Amino acid sequence: MSSLPNNITSSWSPAPAEASHGVAVRAAGRVFHERFGAAPRWLAVAPGRVNLIGEHTDYNGGYVLPLAIDRHVVIAAAPAAGDGGRLRVYSAAVDTTVDIRLDGSEPPGEPSWANYLRGVVRAFADRGLALGSIDAAIVSDLPLGGGLSSSAALEVATATLLEKAAGTTLDPEEKARLCRQAEHDFAGVPCGVMDQLASVVGDAAGALLIDCRSEQVRVIPFADPAVSVLICNTNMKHALADGAYARRRTECAEASLQLGVATLRDATPAMVEAANGKLDPVIARRARHVTTENLRTVAAAAHLEAGEFAEVGHLMYASHRSLRDDFEVSSAELDAMVDIAREIGPAGGVLGSRMTGGGFGGCTVSLVRTDFVASVAGTMAAEYRKRTGRTATTFVSRPAQGAHVVDPLTVV
Ligand code: GLA
């Protein structure tokens, strides 16, 4: 996937949503023009997401509280000449062009980044949606493999482009499910629906409380300028396809079987406690995480809505402990980052912090008083380097709008 110049992703920037969005969109238009010698017809934009709380609950029918962030995958594209229906797509990051047949006949293959597109193309073909040839160029200012849903954003940007090209509009939930299917079948990650749904239905007004069983979404307003969402990337890539994620899913399925419920959404911490001794200890810990995390997520949404940020922060720390000790998906680097945030504490402007996304690397998310955010970001990066010898990347994001198409004529 293509990326922007380093200074956009590697430094802390308090830039407002529109600024970053504009930069990515303009860069995509420019790359398309350089590559194909004409202006694009469409700029399909899909945001990444950061999850405030509710981790490893989505595939258990539970609750999540993500927000779409102002970091995007942008695909600049235009109809191309020639029949036979193919998507010719250029990625500047790897300086590679790939041709994908639009009849859906392509299996997953190399290069692997193109599998996200192949999977979405297959889903459109399966629905009988006819597509003529398309030229496209991808640009992203989302860190790749950083737990901010760069792959979901690529799937959703592709689906958004293909909707336009096919002259159709999918229902948002169906669009998210279709993209999730692409991830399952073409990237080998049996993920839940959170990432794709957040990228599709993101709302600049706030975070999204998603009931992953009914797929109902409620926007929890989060516009208080006094509090910011700070994202700290450990720059340790997470790889969900290596089996650990899939193993957690299997363990959760096993837990619901042993507890006699359809999904862990139907279980409570008390049920897990009562079954203790009968359950395999690992399975019991997994179930304890999911059942307590669901409660924390619903409580956090209520506190967020009431502007009770300190309470949200406490729940975030508790979530991190649960992910570290019971679900065992944290890492030494993520733990170091959360420890640093906790040590800075409320006096230094930090209200709460936790790992975000699938885990095993990637980012932390922290709630920080806006007045302190520059100094917190500086301390986090400096301390992280001291403790791990590694370089962190930090940035702030406001909630962002979900996937949409920008008319290139409106981009200056
Ligand atoms: C990854 C998956 C999501 C979700 C999170 C953990 O991001 O893609 O579906 O399971 O991990 O909450």
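Which of the 13 residues around the ligand come nearest? They are Glu55, His56, Asp58, Asp195 and Tyr245, where being around the ligand means having a heavy atom within 4 Å of it. This is a predicted model, so local features are given only at pLDDT of at least 70 and side-chain atom pairs only at pLDDT 80 or more, while totals for chains, interfaces and linings use all residues. Residues are numbered from 1 along each chain as its sequence is written, and side-chain values use heavy atoms, with hydrogens and water left out.

**Around the ligand**

- Tyrosine 245 has a side-chain N or O atom 2.6 Å from an oxygen atom of the ligand; a polar contact here is a pair of N or O atoms within 3.5 Å.
- Glycine 192 uses its backbone: one of its N or O atoms there lies 2.9 Å from a ligand oxygen.
- Glycine 358 also has a polar backbone atom in reach, 3.4 Å from an oxygen atom of the ligand.

**Salt bridges**

- Side chains of opposite charge can pair when their charged atoms come close.
- The count comes to 25 salt bridges, taking a salt bridge as a side-chain nitrogen of Lys or Arg within 4 Å of a carboxyl oxygen of Asp or Glu.
- Arginine 49 pairs with aspartate 195, with 2.8 Å between the closest N and O atoms. Arginine 49 sits in strand β1 (residues 42–51) and aspartate 195 in helix α6 (residues 194–201), so this pair ties together parts 146 residues apart in sequence. Helices (H or I, at least four residues) and strands (E, at least two) are DSSP runs numbered from the N terminus.
- Both arginine 49 and aspartate 195 are buried. Buried means under 20% relative accessible area, exposed means over 50%, and partly exposed is in between, using a 1.4 Å probe and protein chains only.
- Arginine 118 bridges to glutamate 106, and their closest N and O atoms are 3.1 Å apart. Arginine 118 is in helix α3 and glutamate 106 in the loop between β5 and α3, so the pair ties together parts twelve residues apart in sequence.
- Arginine 118 counts as buried at 5% relative accessibility, and glutamate 106 counts as buried at 10%.
- Arginine 288 and aspartate 326 form another bridge, with the closest N and O atoms 2.8 Å apart. The pair links distant parts of the chain, 38 residues apart: arginine 288 is in helix α9 (residues 281–305), and aspartate 326 is in the loop between α10 (309–325) and α11 (332–344).
- At 35% relative accessibility arginine 288 is partly exposed, whereas aspartate 326, at 9%, is buried.
- Glu55, Glu293, Arg296 and Arg354 are joined in a network of salt bridges.

**Helix α3**

- Glycine 128 follows α3 and has a positive phi, near 70°.

- Glutamate 155 lies in α4. Glutamate 155 is buried but has no salt bridge, and the nearest side chain of opposite charge, arginine 180, is 9.1 Å away; Lys and Arg count as positive, Asp and Glu as negative, with His and the chain ends not counted.
- Leaving aside neighbours within four places in sequence, glutamate 155 is in contact with Tyr116, Val120, Cys179, Glu183 and Gln196. Contact means heavy atoms within 4.5 Å.
- Not counting residues up to four places away in sequence, alanine 157 touches Ala44, Ala46, Val73 and Ile75.

- Most residues other than glycine have a negative phi, and most peptide bonds are trans.
- Glutamate 110 and proline 111 are joined by a cis peptide bond, with omega about -10°; proline 111 is in the loop between β5 and α3.
- Aspartate 95, in the loop between β4 and β5, has a positive phi of about 50° and is exposed, at 52% relative accessible area.
- Glutamate 215 has a positive phi as well, near 60°. Glutamate 215 is in the loop between β7 (206–211) and β8 (216–221) and counts as buried at 12% relative accessibility.

Conventions. A polar contact is a pair of N or O atoms within 3.5 Å; within protein, one must be able to donate a hydrogen and the other to accept it, and residues adjacent in sequence count only if both atoms are side-chain atoms.
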